[in-house]
Every structure is written in C-alpha cells, then in structure tokens.
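User: I'm new to this one, could you walk me through it?

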Amino acid sequence: MFKRPWVFIRGVPSMNFLPPEGPPEVAFAGRSNVGKSSLINALLGQKGLARTSNTPGRTQELNYFVPDGYSGAEGELPPIALVDMPGYGYAKAPKENVDAWTKLVFDYLRGRATLKRVFVLIDSRHGIKKNDAEVLTLLDKAAVSYQIVLTKADKISALAMPKLIESTKEAIRKRPAAYPEILATSSEKSAGLGEVQATIASFVS
Ligand code: GDP
C-alpha cells in the first residue's frame, strides 16, 4: 500500500461533494504550519503530493488521497483513503472562515461512518494549544477516535521527548474519544513514520 504511488482524487468543499462511502478513511488535522503536508508526503514517500496549508485564503477543502490503481471502475475500491483536513488556527483568519471550517469538519466528523481515526498533529515545540484543545473537544463530541501525533520531533531534545509524551498523555487522559498512545514523528529525519503507517494499515479491511 505504501509501496505504490498515491494520488489526489478529490477536494471536498462541502458534504455534497464527498465521495460515496466505501473504503476506511483516516484523516489528518492540525494547526497551519504544524507539518501536516510534510508528514503526509513523508508517509506516502511523495514530495509535493499534499500541499502546504500555509497560504492565507486557501480554499478550505477535505483533500482525498488513495493508492493509485483503484479507479473505482468495475467496483474496484481502494483499500483505504487518507483525508487531509484543512489547517486551523490562523491568527488572522476571519470569523466566517473559522465558522466554515468548523461546519465542514464537524459535518464530516459526525456524518462519516467509514472514518476510522483522525490523527491530530501537534508541534513538539508547542504542545496542545487552545485551538487544538477546541478541536479535540469537537472530536470528543463527534465521538470519532483520534490520536495525537507529535511533529517536528527533531526540534526538541531527546531528553525532552519522553516528558512531552507523558504530559500529552496526561492532557488527553480524560478525553473520551482519545486513543491513549501518543506517536512522535519527524518528517525531516524520517522518524516515527513506520508507526503511523502501521496504524493506518491496521484499518485496511
Ligand atoms: P502544514 O501547514 O501543516 O502543511 O505544514 P508544512 O508541512 O508545510 O510544514 C510547515 C513548516 O515546518 C515547513 O517550513 C516545513 O519545512 C517545516 N517542517 C515540517 N515538518 C518538519 C519536521 O519534521 N522537522 C522540521 N525541523 N521542520 C519541519
């Protein structure tokens, strides 16, 4: 699955544009600049596949990626789909954009039976910020299983990482939909990618 090329199949600006439910889905969420596109590209081994969310005013869409060769023709469905959710947390985002983001994301989270897990990316240097916590609350309300993935692990010391993992575990302990295991990654150093890939692969039916 991670050996073949992946392709972008669709950008979804609202629920009407979602592909028909079929393969299990795993989604990626995170603040703008958390390293989400870098992580998706590193996991799939393809630079430039997911594009950075670091462009103010960029359309807010759920971007669907699937392994290539599953066209949907003749009923051939991909074994899994990855969904890149629009980044959140622009300091300068107008309120209507934040509202549109929340609506799209919450509609998707609540309405998508095939959504198996959301990876919520957290920058190792910053930890869980207020707007991350708001997104975790949204996920708890939608009762969608989510898991914290720390990004840019290369930016903090090897000694600081176990502490960060412990404090992050503690921060999510009472959250009903949180998966307890915290994953740490660095796209830059290709670290921790195997565990994220294995988690994704575990959802392939
Ligand atoms: P996105 O906005 O969440 O999609 O973030 P990007 O993937 O575009 O990354 C934002 C910035 O962080 C870019 O300058 C990346 O080069 C940098 N970055 C992403 N991942 C890593 C990482 O693992 N380590 C380091 N040191 N920098 C990273």
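Here are some questions and answers about the fold.

Analyst: Before we start, this is a predicted model: local features need pLDDT of at least 70, side-chain atom pairs count only at pLDDT 80 or more, and totals for chains, interfaces and linings use all residues. Residues are numbered from 1 along each chain as its sequence is written.

User: In what order do the seven strands form the open sheet?

Analyst: Strands here are DSSP runs (E, at least two residues), and helices are runs of H or I of at least four, all numbered from the N terminus. Two strands pair if DSSP finds at least two bridges between them. The edge strands, each pairing on one side only, are β1 (6–12) and β7 (183–184). Pairing in the sheet is mixed, and the order reads β1-β3-β4-β2-β5-β6-β7.

User: What is the handedness of the unit made by β5, helix α3 and β6?

Analyst: β5 and β6 run parallel, joined by six bridges, and I122 has L150 as its bridge partner in β6. A crossover is called right-handed if, with the strands pointing away from the viewer, the path from the first strand over the helix to the second runs clockwise. With helix α3 (residues 130–142) between the two strands, this β-α-β unit is right-handed.

User: Which helix does the chain cross through from β6 to β7?

Analyst: β6 and β7 also pair in the parallel sense, over two bridges, with L150 standing opposite A184. The β-α-β crossover is right-handed, and its helix, residues 160–172, is α4.

User: How many of the nine residues of helix α1 are buried?

Analyst: Buried means 20 or more other C-beta atoms within 10 Å of a residue's own, exposed means 12 or fewer, and partly exposed is in between, with C-beta atoms placed from the backbone. The buried residues of α1 (residues 36–44) include L39, I40 and L43. Their cover includes β1, β2 (25–30) and α5 (193–201). So α1 is mostly covered, and the buried count is seven.

User: Why is P24 classed as partly exposed?

Analyst: P24 is in the loop between β1 and β2. Leaving aside neighbours within four places in sequence, its contacts (C-beta atoms, placed from the backbone, within 7 Å) include I80, T114 and F203. P24 is partly exposed because its number of other C-beta atoms within 10 Å is 18.

Note on methods: Contact = placed C-beta atoms within 7 Å.
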